[in-house]
Amino acid sequence: MSVIVKDPERDKKKPQKKANYPIMVDQATLDKLDAGFKKLQEASDCKSLLKKYLTKDVFEACKSKKTALGATLLDCIQSGVENLDSGVGIYAPDAESYTLFAPIFNPIIEDYHEGFKPTDKHPPTDFGDTNTLVNVDPTGEFVVSTRVRCGRSLQGYAFNPCLTEANYKEMEEKVSAIFNTFEGELKGKYYPLTGMDKATQQQLIDDHFLFKEGDRFLQAANACRYWPTGRGIYHNDAKTFLVWCNEEDHLRIISMQKGGDLKAVFERLVKAVKAIEAKLPFSRDDRLGFLTFCPTNLGTTIRASVHIALPKLAKDKKVLDDIAAKFNLQVRGTRGEHTESEGGVYDISNKRRMGLTEYQAVKEMQDGILEMIKMEKAAA
């Protein structure tokens with residue numbers, strides 16, 4: 001039901017104007033939205049997709065709406081307004097946001113995901129024939145490590161920032177119960193952040209497994225409430241498989257190991273994803289694929305990457321970026337987004353996650369890396 005917001009004091013001061021749509025958000029939120037929109041428009045150095053596509057018409061079409069779980073346009077854009085250096089600048093507080101606020105999400109999705117139009121439909125899940133994947137660097141000359149990860153949201157729950165403290169606890173209980181059933185190479189231990197002792201914390205930091213409370217982009221998106229409740233980390237005994245619980249997404253499922261054996265890494269991930277999904281359904285949309293907090297991770301949600309040293313190609317970072325882009329790959333610093341290269345090692349991954357299958361996303365990374373290694377070898 002639509003709620004008409006009334007402010008008797010304000011109404012006394014000026015004649016009543018009839019709105020051409022029902023106002024579903026409170027006046028304080030509308031005021032913050034107006035201020036945020038003005039700030040974006042005035043930020044001449046802001047290059048975010050949010051600024052690019054949040055036109056006056058789009059803003060007016062979305063600003064008064066609210067999802068069934070209470071998410072407003074402010075929840076979606078507050079991080080991008082606060083962090084004017086954002087690349088994207090928008091998050092989805094719940095699944096409905098992608099449809100209710102489609103006038104802003106659709107063009108951003110189309111731009112980021114290389115032309116995935118509002119009329120396009122993401123293909124069904126297909127992990128493909130993993131036997132066609134290879135070790136991209138069998139001699140160990142260039143690739144330090146290989147990693148494939150995906151994000152998953154549990155069906156029936158909102159995303160940040162609409163989750164309650166009880167939601168975080170419920171989700172942690174459900175997924176940790178599944179972790180306890182893992183056998184073989186997936187067998188390991190779950191470490192809740194709540195009550196974690198210093199020795200365990202230090203070990204997980206040393207292993208580069210422990211995620212910290214959200215970065216400033218997530219903080220501004222209100223993604224870190226009730227921290228550390230419901231957050232935790234699972235890893236297998238061999239430390240080649242990891243799940244983050246309630247960091248940015250409900251689940252981040254990660255398979256990794258030293259060297260370039262992409263086939264082994266992807267097979268482990270597929271095994272884990274299927275084992276979890278058999279007991280706990282994921283949130284998936286017929287058009288957008290698997291739904292996540294950030295629109296950059298929709299579709300397959302797959303990010304396959306290598307830590308790789310390509311000293312000749314990387315002499316000029318722009319050249320490296322341009323070569324990677326030809327293969328639909330993205331270059332980041334050693335520790336991921338918003339970081340620098342350490343010791344000449346870069347994180348290179350597939351950029352496309354929508355409009356192709358999980359297998360195709362991983363294969364795209366594999367084929368691009370194989371070509372880049374060939375180019376490195378041939379470079380003077």
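Modeller: F179 and F182 are both buried (under 20% relative accessible area with a 1.4 Å probe, protein chains only; exposed is over 50%, partly exposed in between). The model is predicted: local features need pLDDT of at least 70 and side-chain atom pairs count only at pLDDT 80 or more, while totals for chains, interfaces and linings use all residues. Residues are numbered from 1 along each chain as its sequence is written, and side-chain values use heavy atoms, with hydrogens and water left out.

There are 12 aromatic pairs in the structure (Phe, Tyr or six-membered Trp rings with centres within 6.5 Å; planes under 30 degrees apart are stacked, over 60 edge-to-face, the rest tilted). One of them joins F179 to F182, a tilted pair with 5.9 Å from centre to centre and 50° between the planes. Through ring pairs, F179 and F182 belong to a cluster with Y190, Y234 and F241.

F290 has R152 over its face, 3.6 Å from the ring centre, and R284 also lies over the face of F290, at 5.0 Å (for Arg, CZ within 6 Å of the ring centre and within 35 degrees of the ring normal; for Lys, NZ).

As for the nonpolar residues, the largest core has 60 residues, and those touching the most other members are V148, I253, F266, I308, I348, I369 and M372 (a core is a set of buried Ala, Val, Leu, Ile, Met, Phe, Trp, Tyr and Cys joined through side-chain atoms within 4.5 Å). A second, separate core of 40 residues includes L50, L54, F159 and A221.
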